[in-house]
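Hi there,

Here is the structure I promised to pass on.

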Amino acid sequence: MARQRNIQERRRSTQLAGEASADAAADARDAEEPPVDPYSGAFFDCDNTIMQGAAIFYLGRGLYKRKFFSSRELLRFAWQQAYFRLHGAENAGHMAEAKESALSIVQGHRVADLEAICEDVFDEFMAEKIWPGTRALVQMHLEAGQRVWLVTAAPQEAARVIAARLGMTGALGTVAEALDGVYTGRLVGEPLHGPAKAEAVKALAAREDLDLARCAAYSDSSNDIPMLSLVGYPYVINPDAELRRHARRNGWRVRDFRTGRKAAKVGIPAAAGLGAAAGGTAAAVAIYRNRHR
């Protein structure tokens with residue numbers, strides 16, 4: 001009975017995290033022109049998919065530089081980042097530690113202050129870590145008239161900055177509770193990780209009237225199989241070993257920007273109205289532009 005109750009509570013926490021993230025993403029949206037393709041879009045994981053390493057650890061470096069926490073805590077951030085870079089996958093224990101550290105660090109600070117810091121941290125640490133290949137894929141979807149969202153376990157404030165700098169429509173990230181513009185040290189639900197990402201995508205799709213069967217999703221981690229499985233066009237970028245095996249079994253396309261090894265080309269989904277990709281990113285963009293001149 002206790003186990004069943006715990007499962008139900010965890011499921012509810014996961015749904016709450018997803019709904020809170022979708023609400024935050026919707027609230028942050030500016031008015032925009034209607035997209036060319038209003039029913040399809042793309043969802044991109046951040047860590048090791050869009051950028052090398054993990055956004056939350058770059059944020060940790062920025063906060064340390066501004067004396068938010070001690071050198072001992074910075075060493076833990078550095079170790080977690082090194083593990084992530086070496087193994088190419090998230091470790092649940094490290095994620096939990098990072099969450100607890102982040103919450104304790106920001107408690108009592110103003111949301112506006114963290115938002116400003118996130119802008120600086122992107123310029124200082126993240127901008128040079130963006131994978132050009134993935135950035136081109138983001139642009140492909142935008143060129144195709146689709147909306148594009150970042151989906152990450154990083155704080156919503158950092159997620160918004162990354163998405164804005166890449167020209168994306170918006171971002172789904174972990175939502176930290178705040179009262180009167182000040183962080184309480186608690187999360188709304190849980191970190192946007194694993195199943196919580198899938199819940200956030202489902203919630204956003206319902207708000208935006210998206211047809212997930214016509215949407216695409218990109219990730220490097222087996223933790224994101226729930227999110228990838230939601231959409232009609234799942235793509236695997238820089239995969240960990242488990243996700244690579246899963247992709248092979250299910251016929252998902254793979255692209256690895258970390259090495260020179262061959263991988264299946266990733267192109268705009270057929271739902272974008274461009275048909276299957278005939279080549280690399282530049283070719284797909286050229287095809288789209290030629291058809292719309």
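Helices H2 and H5 are roughly perpendicular to each other. That is how they sit in this model, which is a predicted one. Two packed helices are described by the angle between their axes and the distance between the axes. Here the axes cross at roughly 110° and come within 9 Å. An angle from 65 to 115 degrees counts as roughly perpendicular, so the pair falls under that heading. If you want to find them in the viewer, H2 covers residues 55–65 and H5 covers residues 111–126.

Which residues of H2 and H5 meet? From H2 come Ala55, Tyr58, Leu59, Arg61, Gly62, Leu63 and Lys65. Across from them, H5 brings Leu114, Ile117, Cys118, Val121, Glu124, Phe125 and Met126. Sorted by class, this contact has 10 nonpolar residues, one polar residue and three charged residues.

H2 is mostly covered, with eight of its 11 residues buried. Those buried residues are Ala55, Ile56, Phe57, Tyr58, Leu59, Gly60, Gly62 and Leu63. Just after H2 you will come to Lys67, which takes a positive phi of about 65°.

**Residues with positive phi**

Asn48 has a phi near 70°, a positive value in a residue other than glycine. You will find Asn48 in the loop that runs between strand E1 (41–45) and H2. Is Asn48 buried or exposed? Asn48 has a relative accessible area of 6%, and buried means under 20%, so Asn48 is buried.

Asn238 is another residue other than glycine with a positive phi, in this case near 50°. Its place is the loop between strand E7 (233–237) and helix H10 (241–250). Asn238 counts as buried, at 0% relative accessibility.

There is a glycine to mention as well: Gly167 follows H7 and has a positive phi, near 75°. H7 itself spans residues 156–165 and is mostly covered, as seven of its 10 residues are buried. The buried ones are Gln156, Glu157, Ala158, Ala159, Val161, Ile162 and Ala163.

**Gln146 and its polar contacts**

Gln146 is in the loop between helix H6 (132–143) and strand E2 (147–155). With a relative accessible area of 4%, Gln146 is buried. What does the side chain of Gln146 make a polar contact with? One partner is the side chain of His141, at 2.6 Å. The side chain of Ser40 also makes a polar contact with that of Gln146, at 3.1 Å. His141 belongs to helix H6, and His141 is buried too, with a relative accessible area of 0%.

**Leu172 and its surroundings**

Leu172 sits in strand E3, residues 170–174. Its relative accessible area is 0%, so Leu172 is buried. Which residues is Leu172 in contact with, leaving aside its neighbours within four places in sequence? They are Ser21, Ala22, Ala25, Leu150, Val151, Thr152, Gln156, Ala159, Leu192, Ala200, Val201 and Leu204. As for Thr152, its C-alpha is 6.3 Å from that of Leu172, although 20 residues separate the two in sequence.

**One more histidine**

His193 is in the loop between strand E5 (182–187) and helix H8 (195–208). The cut-off matters for this residue: His193 has 19% relative accessibility, and under 20% means buried, so His193 counts as buried. Its C-alpha lies 9.9 Å from that of Met227, which is 34 residues away along the chain.

**The chain as a whole**

To put these details in context, the protein chain has 11 helices and eight strands. It is made up of 293 residues, of which 51% count as buried. Among contacts between residues at least 6 apart in sequence, 64% join residues at least 24 apart. The accessible surface comes to about 13,500 Å², and 50% of that belongs to carbon and sulfur atoms.

Methods
Residues are numbered from 1 along each chain as its sequence is written. This is a predicted model: local features need pLDDT of at least 70, side-chain atom pairs count only at pLDDT 80 or more; totals for chains, interfaces and linings use all residues. Side-chain values use heavy atoms; hydrogens and water are left out. Axes are lines fitted to C-alpha atoms, for helices over the stretch in contact, and angles run from 0 to 180 degrees between N-to-C directions. Helices (H or I, at least four residues) and strands (E, at least two) are DSSP runs, numbered from the N terminus. Angles under 35 degrees count as roughly parallel, over 145 as roughly antiparallel, 65 to 115 as roughly perpendicular and the rest as oblique. Contact means heavy atoms within 4.5 Å. Ala, Val, Leu, Ile, Met, Phe, Trp, Tyr, Cys and Pro count as nonpolar, Asp, Glu, Lys and Arg as charged, and the others, Gly among them, as polar. Buried means under 20% relative accessible area, exposed over 50%, partly exposed in between (1.4 Å probe, protein chains only). A polar contact is a pair of N or O atoms within 3.5 Å; within protein, one must be able to donate a hydrogen and the other to accept it, and residues adjacent in sequence count only if both atoms are side-chain atoms. Accessible areas come from the Shrake-Rupley method with a 1.4 Å probe; for residues, only the protein chains shown count as cover.
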